[in-house]
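Visitor: Could you show me how to read helix packing and a ligand site? I am new to this.
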Amino acid sequence: MKLDGKVAIVTGAASGIGQASAELFAKHGAQVVVADLQVEKGEEVARKIRDQGGSAVFQRTDVAEVQDIKDMVARAVNKWGRVDVLYNNAGIAQPIRPIEEVSEDLFDRVMRINVRSVFLGSKYVVPVMKQQGGGSIINTASIAAVKPRLGHNGYAASKGAVITLTKSLASELASYKIRVNCINPVAVDTPMAPEFQPDVDVNAAKESYKQTIPLGRMASPLDIARGALYLASDDAELVTGIELNIDGGRAL
Ligand SMILES: NC(=O)c1ccc[n+]([C@@H]2O[C@H](COP(=O)([O-])OP(=O)(O)OC[C@H]3O[C@@H](n4cnc5c(N)ncnc54)[C@H](O)[C@@H]3O)[C@@H](O)[C@H]2O)c1
């Protein structure tokens, strides 16, 4: 049990990587706030964790909204008295398109949900972590920031910002024993993956991802959750400011 006695918040936890991480964190003893916009699915994830003997509550959260983020942090503190881990994972895709075809509204939305969320989550959890003497913030960036596919433009930029914010906060917060790291997943088999290529058949899209991954397969949500578990746990006590590529070698 790697997270015994720890309290974790996972955003985007109603689906995909967030769901797998919330479930894995709970299996390892964490008390988990499942935060997401999707109420029914989020409630279901929290219920499943409790049914399996774990500890979880659902909190409806729009990660781009200040009050929702404050309420999310307060839920953990009111229920369990602390926040050891914040996994800023929620995000949205942007269909792969030439830049001339990407609307200003979509660009703004991608930046708002993928970047402002990490800024807000960190801003409002840090006072709690400072007061308790430490914590771990984990952010989901993307290998798209390191090796963008053609047409990733705005999405790649949003994840690049997440990586830079991670590093900046890691230096700012190290003296408070708050570690800040990010994960760069390659294409992950979640409902989001086909959203990058909405005009392409789902299986053809998956095949095209596979072809570009040296280890020969897409990531599963659990591949990413295992990395998050490591960064959340005391196994990573001396690890801060890193980008953990879980990418089957795609960045090589
Ligand atoms: N799937 C991939 O190929 C891939 C690759 C690299 C990085 N990522 C990143 O991984 C993260 C998780 O994606 P996933 O693949 O698990 O996708 P997913 O669609 O399965 O899950 C994303 C979750 O985020 C939630 N969400 C979206 N907007 C939100 C908001 N404003 N407030 C709260 N919750 C919100 C959704 O409701 C959903 O439950 C994202 O940041 C994504 O950019 C995904």
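This is a predicted model: local features need pLDDT of at least 70, side-chain atom pairs count only at pLDDT 80 or more; totals for chains, interfaces and linings use all residues.

Visitor: How are two packed helices described?
Guide: By the angle between their axes and the distance between the axes. Here, helix 4 (residues 104-132) and helix 5 (residues 153-173) have axes that come within 8 Å and cross at roughly 15°. The two helices are therefore roughly parallel to each other (angles under 35 degrees count as such).

Visitor: Which residues of helix 4 and helix 5 meet?
Guide: Contact means heavy atoms within 4.5 Å. Among those meeting are Phe107, Val110 and Met111 in helix 4, and Tyr155, Ser158 and Leu165 in helix 5. The residues of this contact divide into 13 nonpolar, 4 polar and 2 charged.

Visitor: At what angle do helix 1 and helix 7 pack?
Guide: Helix 1 (residues 16-27) packs at about 50° to helix 7 (residues 221-232), with the axes 8 Å apart. That makes helix 1 oblique to helix 7.

Visitor: How many residues surround the ligand?
Guide: There are 28, and the closest are Ser15, Asp36, Asn89, Tyr155 and Thr190; a residue counts if one of its heavy atoms lies within 4 Å. An oxygen atom of the ligand lies 2.7 Å from a polar side-chain atom of Tyr155. For Asp62, a side-chain N or O atom is 3.0 Å from a nitrogen atom of the ligand.

Conventions:
Residues are numbered from 1 along each chain as its sequence is written. Side-chain values use heavy atoms; hydrogens and water are left out. Axes are lines fitted to C-alpha atoms, for helices over the stretch in contact, and angles run from 0 to 180 degrees between N-to-C directions. Helices (H or I, at least four residues) and strands (E, at least two) are DSSP runs, numbered from the N terminus. Angles under 35 degrees count as roughly parallel, over 145 as roughly antiparallel, 65 to 115 as roughly perpendicular and the rest as oblique. A polar contact is a pair of N or O atoms within 3.5 Å; within protein, one must be able to donate a hydrogen and the other to accept it, and residues adjacent in sequence count only if both atoms are side-chain atoms. Ala, Val, Leu, Ile, Met, Phe, Trp, Tyr, Cys and Pro count as nonpolar, Asp, Glu, Lys and Arg as charged, and the others, Gly among them, as polar.
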